[in-house]
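This report describes a protein model for a reader who is new to structural analysis. Please keep the sequence and the structure in view while reading.

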Amino acid sequence: MESKSKIFDLELFYEKTNDGLLFWEQEFSTEKTKKTAKGFSFDNGSSNVTKSSKGKYLFTNFKENSKGIDVVAYVINRDATDFIGACNTLFAQFQLDTTSVAKPMHLPTKNWLDTTDEVGKYEIEYLPATKNTNVFAPFLTEKICNQYDFFEVEKYSTVRKIKDTEKTTLLEVVATENYPIFGYKNKDFVKIYEPKAIKNKDGYSSKHHFLGTKPPRHIYGYENLKRIANSKKPVANDEFSIVDDSDDAEPELLEYVFIATGGSDALNIASLGYDVIWYNSETEIISEYELNFLFEVAKNIIYVPDLDKTGIKQAVEMGLMSKKHLKIKMLFPPQELQQRGKKDIADWVREQKNETLASVKYKFSELLQQAKEFEFWDYNPKRAVYQVNNVRLINFLHYNGFYVYDIPQMDNKSKRAISEKIFLKIEKNVITKTEPADVKMFVVNWLQKMLLPLQIQEMLTKSIFFGDNSGVKLLPRTELNTIKTTEKSQMYFYQNTIINVTTDKVEKIPYSKNDIQIWKKNIIPRNYLEKPTATKITTNDEGVFDIEIINTDSKYLRLLINTSRFYWLKDADENQIDKNQFQITSTNLTEAENTHQKQELINKMYCLGHLAHEHKIKQKSYFVLGTDHAIGKSITDNKGGSGKSVIVNGLYSLVPNHLERNGRELNKDTERFKYTDVDDEVRLLHFDEMNMHFDLSKFFTDITADVTCNWKGGKMVYVPFEFFTKIAVTMNAVPKDLSDSFNRRMLNFECSSYYHNKNDDFLFSRSVADSFDGQTLWDKNYKIDDWLLDDNFLIECLQFYLAHDKKPTVDGQNLIYRSARQEIRDAGFNFFTDFFHNFRNPSADVDVIENISYIEKSTKIQWINKALIYEIYKKELENDAKKPTDFKRDIETFCNKILGTPIKAFAKKKENGHGKTVEHFCFEPVTTDTEKPVATQNDDDLFSPQENKEEPKTDLPF
C-alpha cells in the first residue's frame, strides 16, 4: 500500500468554508444565481446548491443527476483526480495547513492515503500486550482478553470508496496514548472497538465497526466456551459438538454461562470470573439450537439485558420464545443505575472501580441471586406434582406488562388521603384496565399456547394466587406517564401513528419511538391522514383577527359557519330558503355584518382549540359556555336547537376521554356530585342543557385549583390542577351572573338562529342534519374521509389557540341583555321598559315625571325618586312584585345592562328637593352644552339590543 505524509482535516475545511458554501460561491461566482432559504439556485433552473440534512452544502445538476454531491466529490470529478489530489487543491485554495493539524486529545491519528487496492481490503497491527482496558473494564486482565481473542490495536487501515465518486482512498487510523483501539480477532474479520469514539456532525460513531466481511451471525466467546467445555468433557454431537473420547464420561457442568448484550458488558462480566458469550447486536436472540448447547455445558444460563426499553423488550422476547428459553434466568442490573443516567452491567462494574476485585465479586454474587427465569413453577419429584413459584410468577406477570396502580382518593369520613388499587396491563405503552380474573386467563391462555403439560395448566387454575386479596396484589406498583401535552403542543394517538401538534406543524411519531403511555380506550379509532388546510386566520396591525375560508370540505367547519351566520335571513328568499349555505360572508351584508360573522366563527374555533388542548395553564383557565343568540319573547322562551351542543359533541372523537352530564339535573341537591366519575384521566366534561338556576360561578375555583371530586357512592378522588378536566357548558337560557370576574373566566360562543323550530318567526324547522342531506354528524355511518377532514379542521382550531394567548373579542351585549332580563323576570322587565319610556317622554305623563325626579341646582345632578317608583311598581305588579332590596338590584341591573346607562349613586334625598327624605338614585350631571342635545329613539327600537345602536350624544341618561 502506497503512503504519503499529508494529513487533511476535513472538519477544519468545512468549518473554515461555512460547511462548503464559500467554495460553491467562489466556484459559481460568474453564474446568474439567486439566494434561497438553504443556499442558492441557478436562474436557468438547471442546478442548485442546498444545505443537506447533515449540514453540508451539496451541488446538484438536475440534468445529470438529482442527487447532490459534496465539495470533495465535485473537485475529484471536475479535475479528474483522486481524493488526495482534491484535498491538495482545496486546502491550497483556502490556505489551510496540511502538516500540523491540531488534534484533540481524545481522537486518533487519521491519514487519508492514495491507493489502488480494492474496497474492503484491510491491514491491522496489534500491540505486543493488551493493557489499556481500564478505560472500559477496570478489572479486565490480559489473560482474560486472550481467552476471548480480544487484543489492543496499534493501527489499522482499510480501503474505502469516496462518496458520490468511483474513486477509492486508504484510511489509516493510528491509536494514541489517549485513544486506545481494540479488536475482536476472527478468521475472516476483525470487529473494532474504539471506546472513546464520539459521534460526528452526521451522527456517525466509529465506536463499533468491522474490518473485512461482517458475518451474518457470530457468537463471540464461543471458542473460549468450547475450550472450557472440552476440558470438562461434556457430551454433544452437533456442529457445536465437543467430541468426547470416552463413551461413559459424565459431563462436569459449569455453574453459570452468561449471555451479554455486547462486548463491553461481556468482558466486564468475564473480568469477575464468569464465562460469557454475546452476539453482534443486542437485538439478536439465541436460538433454541444454540441454547441446547449451553445447557449441555452449564447448569444455569444467565441473560443480562440493559435497563432501557430495548433491553427489557429483548429480555422478555428471549425469555418467552420457547419452553427451553423459559429456563434462561434474567439478571437485570440494579434499577438505581437509571437515576444516574446508566443502563447496563458494564456501567455497574465501572462504578465499583475503586473497590477491590474480591469486594466487587461478592456484590455481583449477591446480585446474581436475584436472577429469575420466566418459568414460574417447580416440579416436586417426591410428590410428582407441579407447584407455583409466586416470586417467579410475579416476575413473569411484571414483564408481561401487569401492574398495580394506585388512584389517589380521600376517605369521605376521616378526610384522610387514601388510594384505590386497580390492575393494569401495559403493552407497547398502551394501558388497559384489567381484573384478577383477566390476569389469570392471560396466564392460562399462555400456557395453552406454549403447549405446556396439562398438569401445569391444572395447577394454575387451582392456584389461590389470583384471589382479590392474594398474591396478585403483590404485582409491582407503577406510575403512569400519560402527559401528552405541553403549553404549546398536543399529541393525539391514532391507530397507525401518533401526531404531535404545535402552532405551525403536525409531526408524525411512530409508536416505536414513543415513551408516552395511552389508555387503549383513548386511542382514536382510525388511521391518521393529513388533509389540505381549510382556513387561514391572520391578524392586522390592531390585533384584530380575520379569516379566509380555503375550502369547506369539513362538515364540522360547515356547521360552525352556519351557526355563525347571524344575518342569514338576508341571504334567504321570500320562503326563507338559504341561498348562501356554508359561506361566512355575503354580498347581501354590510361590511360590519360580514366582519361580525367572521369574528363569531373565529371565536368558535378558539373555543374548540381550548377544549382540544389538554394542557392546563392558569392564565388561560376558562370554561366554555355555548348559548343561543336569539332572544325569546319571555325569559322562558329559550329557543334551543341552534347546534351549540352538536358543536361540543364534535370534539368527542378527538378527545375520547370525555364525560357528558345532563345539566338539567344539576341543582342544590345534586350539585355536590357534579364531578362523579371525574379523575385525572378525564379531559373534557360537558354539561348539556344546563339548569338556568345553577350558579356557574361555582366552577371558578375548580378550573384554577386542585379539586377533590365527590363521586356518588362516597368515593372522593383528588385531581391536581394540571390534570383536572376542561369544562364546557351549553344551555338554552343564560347565566344569571355576568360579572367582570365571570367574563374573565369564560369563553362564550353564540349560535345563530340558522337551525330552529317552526314558529311565528320561521316558516319551517331546520335541524343540523338538514344541512347534510339528513345525515347525523359523527354517527356510526359517518365516512372515514369525513372523520379525517373534521380531525384536520379541529387541529387547525387547536393550532390557532396555541398560537394566541389572548382570546378573540366578540360582541357580548346580547348575552348581557338576556342575562339581565332573566334576572329581572318578565313582569319587572315590562314595568321598567314602560316606566323609562314614559320617563323619557314627559308628554306621556307630566304629573308622574314632575313628582318623580328633580335637578339639584348646586350640582346639576338629576335625582330620581326610587321609593316612589317602587310604590308604583308594587301597585302594578301586585303578587309579582319583589322586595325592596331585590327591586333596587333590578332597577340597577336594568339601567346598567339594558339601557346601557349605569346608575352612579343611591342617596337619601328630599322629594322634589323639599319634601320628606327618601332614597333616590342618579346618573351623570346634567350638561348645558347646547351642542349635545338629548338624542331620541323610536319606542320600537329602544329595547332591541340585537341591533347595534350609537350611544346618545348627551350626558343625560334620558
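A residue is called buried when its relative accessible area is under 20%, exposed when it is over 50%, and partly exposed in between, with a 1.4 Å probe and protein chains only. The model is predicted, so local features need pLDDT of at least 70 and side-chain atom pairs count only at pLDDT 80 or more, whereas totals for chains, interfaces and linings use all residues. Residues are numbered from 1 along each chain as its sequence is written, and side-chain values use heavy atoms, with hydrogens and water left out.

**Overall picture**

Of the 958 residues in the protein, 51% are buried. The accessible surface comes to about 47700 Å², and carbon and sulfur atoms account for 47% of this surface. Such areas come from the Shrake-Rupley method with a 1.4 Å probe; for residues, only the protein chains shown count as cover.

The protein has 25 helices and 39 strands. Helices (H or I, at least four residues) and strands (E, at least two) are DSSP runs, numbered from the N terminus. A contact means heavy atoms within 4.5 Å. Among contacts between residues at least 6 apart in sequence, 65% join residues at least 24 apart.

**Cysteines**

A disulfide is a covalent bond between the sulfur atoms of two cysteines. Here it is taken as a pair of cysteine sulfur atoms within 2.5 Å, and by this rule the count comes to zero. Cys145 is buried, at a relative accessible area of 0%, and Cys751 is buried as well, at 1%.

**Pairs of packed helices**

Two packed helices are described by the angle between their axes and the distance between the axes. The axes are lines fitted to C-alpha atoms, for helices over the stretch in contact, and the angles run from 0 to 180 degrees between N-to-C directions. Angles under 35 degrees count as roughly parallel, over 145 as roughly antiparallel, 65 to 115 as roughly perpendicular and the rest as oblique.

| Helix | Partner helix | Axis distance | Axis angle |
|---|---|---|---|
| α3 (residues 71-79) | α4 (residues 83-93) | within 9 Å | roughly 105° |
| α15 (residues 555-563) | α19 (residues 784-803) | within 7 Å | roughly 60° |
| α20 (residues 813-824) | α21 (residues 826-840) | 6 Å | about 110° |

Helices α3 and α4 cross at roughly 105°, and therefore α3 is roughly perpendicular to α4. In this pair Val71, Val72, Val75, Ile76, Arg78 and Asp79 of α3 meet Phe83, Ala86, Thr89 and Leu90 of α4. The contact holds seven nonpolar, one polar and two charged residues. In this classification Ala, Val, Leu, Ile, Met, Phe, Trp, Tyr, Cys and Pro are nonpolar, Asp, Glu, Lys and Arg are charged, and the others, Gly among them, are polar.

The axes of α15 and α19 cross at roughly 60°, which means that α15 is oblique to α19. Lys555, Tyr556, Leu557 and Leu560 in α15 meet Asp786, Asp790, Phe793 and Leu794 in α19. These residues divide into five nonpolar, no polar and three charged.

Helices α20 and α21 pack at an angle of about 110°, so α20 is roughly perpendicular to α21. Tyr817, Arg821 and Ile824 from α20 meet Asp826, Gly828, Phe829 and Phe832 from α21. By class, four residues of this contact are nonpolar, one is polar and two are charged.

**Residues within helices**

Arg558 belongs to helix α15. Neighbours within four places in sequence aside, Arg558 is in contact with Thr552, Asp553, Phe582 and Phe772. Arg558 and Phe772 are 214 residues apart along the chain, yet their C-alpha atoms are separated by 9.5 Å.

Asn146 lies in helix α5 (residues 142-147) and is partly exposed, at 36% relative accessibility. Asn146 and Asn224 are 78 residues apart in sequence, with a C-alpha to C-alpha distance of 9.5 Å.

In helix α9 (residues 309-319), the buried residues are Gly311, Gln314, Ala315, Val316, Met318 and Gly319. Their cover includes β14 (298-304), β15 (329-330) and α12 (390-399).

**Positive phi in loops**

Most residues other than glycine have a negative phi, and most peptide bonds are trans. Where is Gln95 found? Gln95 is in the loop between α4 and β5 (109-113), and its phi is positive, near 55°. Gln95 counts as exposed, at 75% relative accessibility.

Lys428, in the loop between β20 (417-427) and β21 (430-434), has a positive phi of about 55° although it is not a glycine. With 72% relative accessibility, Lys428 is exposed.
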